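Good morning, colleagues. Please look at the structure as I go.

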Amino acid sequence: MQDTASVVNAKIPLMERALFGARTAWLIVFVGITAFLLYHAAQVRPDASFTKMIPSNHEFVQNYFKYGEDLASLGNAVRVSVETTDGTIFNADYQETLRLITDELNYIPGVNRSGIRSMWTPNVRWSEVTEQGFVGGPVIPDSYDASEESLEQLRQNVLRSGEVGNLVANNFRSALIYVPLNEIDPETGAQLDYHQFSLNLEQKIRAKYQTDNINIQIVGFAKVVGDLIDGALQVGVFFVLAMLITFVMLYGYSRCVRSSLMVLLCSIIAVVWQLGIINLIGSGINPYSMLVPFLVFAIGVSHGVQIITAVMAYRVEGADKLQASRLAFRSLYIAGLTALASDAIGFTTLMVIDIQVIKELAIAASIGVAVIVLTNLGLLPILTSYLGVSKSGVRYLEASQKKEHKVLRWFENFTTARWAKGAVAIAVVMAAFGLWQGQALQIGDLDSGAPELRADSRYNLDNAFMVENYSASTDIFVVMAETAPGQCIAWENMALMDRFQWYMENVPGVQTTRSITYVSKLGMAGINEGNLKWYSINRDNFVLNASISQAPSGLINRDCSMAPMIIYLNDHKADTLNRVVEEVRAFSLQFPSEGLDFLLASGNSGIEAATNIVIEEAQFKMLVWVYGVVIALCLITFRSIRTVICIVLPLMFTTIMSQALMAWLGIGIKVATLPVIALGVGIGVDYGIYIYSKMREALAANMSLTESYSYALSKTGKAVAFTGLTLAIGVATWMWSPIKFQADMGLLLTFMFIWNMLGAMILIPALAYLFKVGRKDKQTVPVM
Amino acid sequence: MSRIALAAALLFAGFGVGAGFSAYAQQPYDPIYTPASKAVRAEQAALVGFDQFKDTYITTGVFGTVLMRHGTSDWQQMDIPTSVLLTSVDIIDDDYIWAAGHDGVLLQSTDGGQTWQHRLDGTELLNMEYPWLQARIAEIEAEIDSLEDADEIDELEFTLEELGFLMQGLDIQFEVGPTKPFLDVLFLDRSTGFALAAYGTLLKTINGGDSWQILNDRIDNPAGYHLNKLLVTDDNILFLLGEYGLLSRSDDLGESWDALDTPYDGSFFGGVIDQSGQLWIFGLRGNVFKSADNGESFHAVNVPTRYNLNNGTVLGDGRLVFVGQSGVIVVIEPSTEQAVVYSHESSVPLMGVRQGAGNELILVGRSGLQSFIIPNGSTGIKG
């Protein structure tokens, strides 16, 4: 590393010379890049693609993709319930409202008009067997004139239609409109715009028809996605809130408006760069990666604070603003780079989770952190070298340095025998409790309804209403029965599918099942005057064909090579899903068939089963990777195994405690919460790195452990505490997100950031004491 | 010839499958010889056959499900060597029980339901029906040749045509497998019994099921309507009920049958003989008829329901209970013919009813086992 420059210059790190040697040029470059990326950042689009949120490479999802188009007509529909709080649905005013809403839904883009079903559509019919054979007609009498007689006739028809519990609520106080959707518009070929569709439902249906005695409930996948996009956008507001709080805290910390604004500005620039680059590489921002700007901002602020603190400290010591900035950079850039590198690499370990949104989050976060290296370690010292810090800030620091800081002093206790042993003992007890509690931790989503949204969200209230008043579960697991083309209704395949349905109905957690075989058996009874003694799959293909002539669409695919076996579940708990998956496989082993494969899995619960499997596999792998990376980086930086243990053990403690917290709060390990652990560890290690690098300086100067820790606290303690709070506040605002998983992420990250901070400030000195770092025999202390 | 060879091959295949339990998994799935699985939800399976003898109850249904109970014990699912829909069951005495099902399956237990044996399957039935039908056709053809009256010839040719259709049906079954469902089974004692099937098939045994005789041609049923139910009086008079108002009586244990004047064109699904020996029959759309003279004459009983009635029983106090579609339960006082209609809360089709303890009815139907307490002195509801 020897250089031809002067001896004085040789002591100055290359990086510092590169940066400060051409301050003006750098400033211009930064301004230029920022302008360029701001333009691109403004074009970032929200992106809530369903396929990105599921593990696309998993076998189940691959099978689902294979038949996605065939299954679409079956699944992608919304159900609009119209409830009267005044009497029953057999009321002229109510029926008029229902008719108007049915008509209105026809004109909402994305709706498959031919498939709409309600009491007011002609495809909803009643039928009964008479001496002459089948008789029947539309449920709405041809002669309907809103009179008492025609309402009574309507009531009779509804009872005969078999739609009670299906289109008509069991208590006759509400009725449904079943609205199938076209994912791709058959005329324009355009993809369904879920956000716009959801908005249309709210404006043209809910807002328009909901009155004092009419309630509208809407459920369905499209509505979940719409609400998700809506809610995710609201989070943008939180960013402004986080910024304001952070500014107040920065000012409170530094008493210097100028440096507070500089830190804020650099952190915002980091966010702009991150968003701009995301857009440049053709990515969008999804409800998960929406977390990244918050993290980038908070991490930027935390590193900026370190710089500002150092600049002020050197100003107190009498350096001029350029000198102070250079010294601040010199003293911090290694620790800063290590910390940021561990963040970035920690985030990239998320790539082991084979789910696109998480990969995007990992990429976005890594980019964000890389950007902070430039903005907050590079741009910020340049800015301070020009603008300096205010005199009031320097005076405040000078004053506070002279004053004993009681809280910080208190932390020094943990370098003494009693406190160190006590702290470690308490941590061990808590970790043991955490491990015990953490055993209750479950994979997957545990709440009913749409787990993405809050239990008390409009959507989930509507969903609960549907579950209560109609007879169908919303947890749907679909197994695809695959045959050679044209063979899906061959007797031997139908008979085995029928057996499969019965087998699955006997699996605990399964409510009921539906498929073409059920329709065929009912059809057989129907052909035979309703006589259930014919409730069986008939070997005669002509009879069998006749039995399914009235089958609703979607129960077999176009070339008759696949029939979905629809399994309604009690819930979507991981146990239930695992059991269903196992039993499907067990059935295939017990009844092997050459012509028929039972392919897993589709339906919301089938996809969730796949997600759970991927998450479960990734969970351990990700922990190994993230800790592996953190340990390797600390080892490279500090060259001491004891140091690594001192830094990593508190992190593990936090990981254990956060898992216990998840178990206690009933938050499962899922797409949203698994990354949090990696983020928590990756960012959490920063505190340890900053504290330990200062301790190392002191230990190198032959100070005792207590003196070294005292030195580290005085130099960086306030900044670490401040960083913990900044990070926590940045993500804590998420707890108010209307999206459940964002709130879960916010809660867990807040918890992890604060615990990591406390862990670093309490357990690092305590562990250092126990490992006999820098006590008596100072020569053997592995400080480097 | 080839057809018989095929039939033999099918028969062989059938026995081959049935013979080795370990082998069945290797074969394509066929419910006839696949044992029923023990099911945690057996009591919620669709159940359509129901019988009672002393305090033993037995019910049969989909996927070879057979449930038994003695007195008020828990229902127990029996080990059954088939998975076809078992449509009907008849307890003869403490040991002998017969069950009938789809795909020509007849099962027998000789130890009170503990173990069950296949006694007939659809392939064997086809092998009986095929030569029988050939003989019938030859017989009619000979008769036509011997006749001169054009009208009589026309009539026989019509019959011949019908038999031709039946032959075609058998041909199809030889190809796709036996599909004909038995709809009722009734034994008068351990040796003499009857099994009724779709398309006008009536079988009789006089040696406890060792061999069966086809009696289809003894009934006036040229179109081959389904035979739904066989009733027997204390005096061994038999009544056969079927599709499209089919109603026949036999006074000689089924050897000959007299078509009765039907009061109704719709299908009959069941009937009971009340304590005073009167015949009650019922079927489509809540139609109930009563005969006090062994079927010579009937009159309509006014029952206020439009739902099909599927099954009935006589209570200890002489009242009659009929059950049917949409959970309808009809209680009739036979002396006054006063009918009270109740609706079971499940609203599902009910296929069987027997008296439990006191006013309790045990019901079976599409949602499995259910029960109903007949309210005291209630007037019921309109169905």
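This is a predicted model: local features need pLDDT of at least 70, side-chain atom pairs count only at pLDDT 80 or more; totals for chains, interfaces and linings use all residues.

By cavity I mean, on a 1 Å grid over the protein atoms alone, a set of points where a 1.4 Å probe fits but cannot get out, and lining residues have an atom within 4 Å of a point. Grid points are joined across faces, edges and corners, and a volume is the space filled by probe spheres set on the points. Three helices of chain A, H23 (641-665), H24 (674-700) and H26 (740-770), each give two or more residues to the lining of this second cavity; helices are DSSP runs of H or I with at least four residues, strands are runs of E with at least two, and both are numbered from the N terminus. Among the lining residues are Ile647(A), Leu651(A), Val685(A), Tyr687(A) and Ile764(A). By class, this lining has 7 nonpolar, 5 polar and no charged residues. Here Ala, Val, Leu, Ile, Met, Phe, Trp, Tyr, Cys and Pro count as nonpolar, Asp, Glu, Lys and Arg as charged, and the others, Gly among them, as polar.

Residues are numbered from 1 along each chain as its sequence is written, chains are lettered from A and ligands numbered from 1 in the order in which they are written, and side-chain values use heavy atoms, with hydrogens and water left out.

What lies nearest the centre of the largest cavity? Asp498(A), Ser536(A), Ile537(A), Pro31(B) and Ser83(B) do, within a lining of 17 residues. The space there is about 170 Å³, and H18(A) supplies the largest share of the lining, 4 residues.

I turn now to the interface. In contact, meaning heavy atoms within 4.5 Å, are 34 residues of chain A and 52 of chain B. The buried area, which is the accessible area (1.4 Å probe) that two parts lose on being put together, summed over both, is about 3,700 Å², with 54% from carbon and sulfur atoms. On the chain A side, Trp502(A), Lys533(A) and Arg539(A) lose the most area to chain B.

There are 2 salt bridges between the chains, a salt bridge being a side-chain nitrogen of Lys or Arg within 4 Å of a carboxyl oxygen of Asp or Glu. Arg539(A) pairs in this way with Asp30(B), their closest N and O atoms being 2.9 Å apart.

Terms used
On a 1 Å grid over the protein atoms alone, a cavity is a set of points where a 1.4 Å probe fits but cannot get out, and a pocket is an open set with protein on both sides within 12 Å along at least five of seven lines; lining residues have an atom within 4 Å of a point.
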